[in-house]
Amino acid sequence: MIYSEKVMEHFQNPRNVGTIKDADGIGEVGNPVCGDMMTFYIKVKDNRLIDVKFQTFGCGAAIAVSSMVSELAIGKTLEEALQITNDMIAEELGGLPKNKLHCSNLGADALHAAIMDYKKKQAAAAKPKEAEKVEAEEKKEEACCCPYCDGPIEGLENYCTQCEVELVECPHCGHYTKKGEAACVNCGASLES
Amino acid sequence: MKRVYLDHIAGTPVRPEVVEAMLPFLREKFGNAQSLHSEGQEAAAALEEAREKVAALIGAKASEIYFTSSGSEANNFALKGMALARKDKARHLVISAIEHQSVLHSAKSLEKLGFETTLVPVDRFGLVDPQEVKKALRPDTALVSIMLANSEVGTIQPIKEMAAFCREKGVPMHTDAVAAAGNIPIDVNDLGVDALSLVGHQFYGPKGAGALYLRKGTRILPLIDGGIQEGGRRAGTEDVAAIVGLGKAAEIAQKEMASWAQALKPLRDRLLQELPKIIPQVIATGHPERRLPYHASFCVEFIEGESMLLHLDMQGFATSSGSACTSRALKASHVLLAMGLDHALAQGSIVLSLIDGIKSEDIDRLLEVFPPIVERLRKMSPLYTQFLEGRKP
């Protein structure tokens, strides 16, 4: 088996599957082009995650990662939850195959996106200026990493060493996509020149 | 739990008679086929016997068979060897969009050496229109290579018509018959091809031995330079045991291929007809009629292939998928994309390729365990939720 026992256990019995109708924050990452999609729903009370649910379209690793992320996040403060990293998730799962590490990034990203969504909504409710700040923060976070594994991209080479793919920058939104793909994985703009 | 192996395309089990035929060449008959002593000559004779049997499987002459270590090597040998042999006059290649990686990547390598490639498209059934091949031919075309049957969707191509167009123009034609040879009748003279790749582990032979058929008079440059093995066209000490196994498997396949197909076709058809009926939003991929007798393939909407494969494995079924997550390169199947399927649908690919010995009860059980697996995965799929809510995914 390519996966650890822990991964298979979470894959077979994923925790916290589902949606939250009146969620305080929703984070959606990935798309079918790169293979995985995750949507996280969070419920926040007194700055703490009192409920986390997810839906995932993806491989065994993606499902196990989502389950583990939800388990790790429930009960944590927002600050603590934002500290959950891809490394932590992979470690808790007893390791992931190298070419599946990007799934753990996706899991952390989806949770963080849900928290940012919550913060944005809070800020918007408080005053509009704050909302802009949160948006700027979000932009910064998205900059210049491989969309598949979050690894660094080598200078002008546009090459991710971690997942060994060549990448191209989208002329529309600046995000990276695997070379040869017809559309940007972030904004869907055509990459065929 | 009983294991049911439905991954013919990854490799069939080895027939006991094949193992028996191979064993002496791993034990006492260890000679190097190039040696002049009795041990060597015994091995050389075994190689020639295997060559006769492989030739007989495809209606070729023994002198037209060159042994290789794999199907990929045979494809590399054909593409690079035949193209480079003609590179002074011709630097254009014609291949289809759904070829195996060993053909696609060989063409890519040749492009780095100055060749140009025309990728011929396929329709939604994975079929190449022979007229498209004809249209793609140029005065400087060095080689046409179109696969006989595709392992991901099972579609069988009208090679004979394409070969006729190539012959008219004097362009050599190769066909990758790895998924087809030993499973459907092949006659190289009837097909009219100049080269054909095959491999033993697709018809109950061992891994590690394949062959390239090369019509007498067809020019080729060796990939592996060295000694005089395989007429100087493929150097390297021969894997006698594996080649003997390939020969034995070819001999058996020639006799039994028709009965394998007769037994597997109804089971294949049951899968093709019933799965899309018992599970909503499932489509059968590939051509409904022009397809390999052992091959059924599908795309299941809203879920991903690897997670299906893992659940089926836990239920005792070995299957394969062309989803991005299943491939180490994390790319969705180029075959399904070339057939016009979108990425999300291609991610739901599942291939059920049958082997000799599969029973009707095995298919009953598969049809029983499959729907709950799909339902379970769909329950956790955001795409399915979007679909149910009427939002466009």
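Biologist: What makes helix 6 (residues 128-142) of chain A and strand 3 of chain A stand out among the elements of chain A?

Modeller: Helix 6 of chain A has the lowest mean pLDDT (62) among these elements, and strand 3 of chain A has the highest (97). The pLDDT is the predictor's confidence in each residue, from 0 to 100. Where pLDDT is low, the predicted coordinates should not be read in detail. This is a predicted model, in which local features need pLDDT of at least 70 and side-chain atom pairs count only at pLDDT 80 or more, whereas totals for chains, interfaces and linings use all residues. Residues are numbered from 1 along each chain as its sequence is written, and chains are lettered from A and ligands numbered from 1 in the order in which they are written.

Biologist: What is the average for chain A?

Modeller: Chain A averages a pLDDT of 84, and 77% of its residues score at least 70.

Biologist: How do you know that chain A is in contact with chain B?

Modeller: Two residues are in contact if their C-beta atoms, placed from the backbone, lie within 7 Å. On this basis, 20 residues of chain A are in contact with 20 residues of chain B. Strand 3 of chain A gives the most to the side of chain A that touches chain B, with 3 residues.

Biologist: What makes the crossing of helix 2 and helix 8 of chain B left-handed?

Modeller: A crossing is left-handed if the near helix is turned anticlockwise from the far one by less than a right angle, and right-handed if clockwise. Helix 2 (residues 38-57) and helix 8 (residues 240-278) of chain B pack at an angle of about 35°, with their axes 8 Å apart. The axes are lines fitted to C-alpha atoms, for helices over the stretch in contact, and angles run from 0 to 180 degrees between N-to-C directions. The crossing of helix 2 of chain B past helix 8 of chain B is therefore termed left-handed.

Key
Helices (H or I, at least four residues) and strands (E, at least two) are DSSP runs, numbered from the N terminus.
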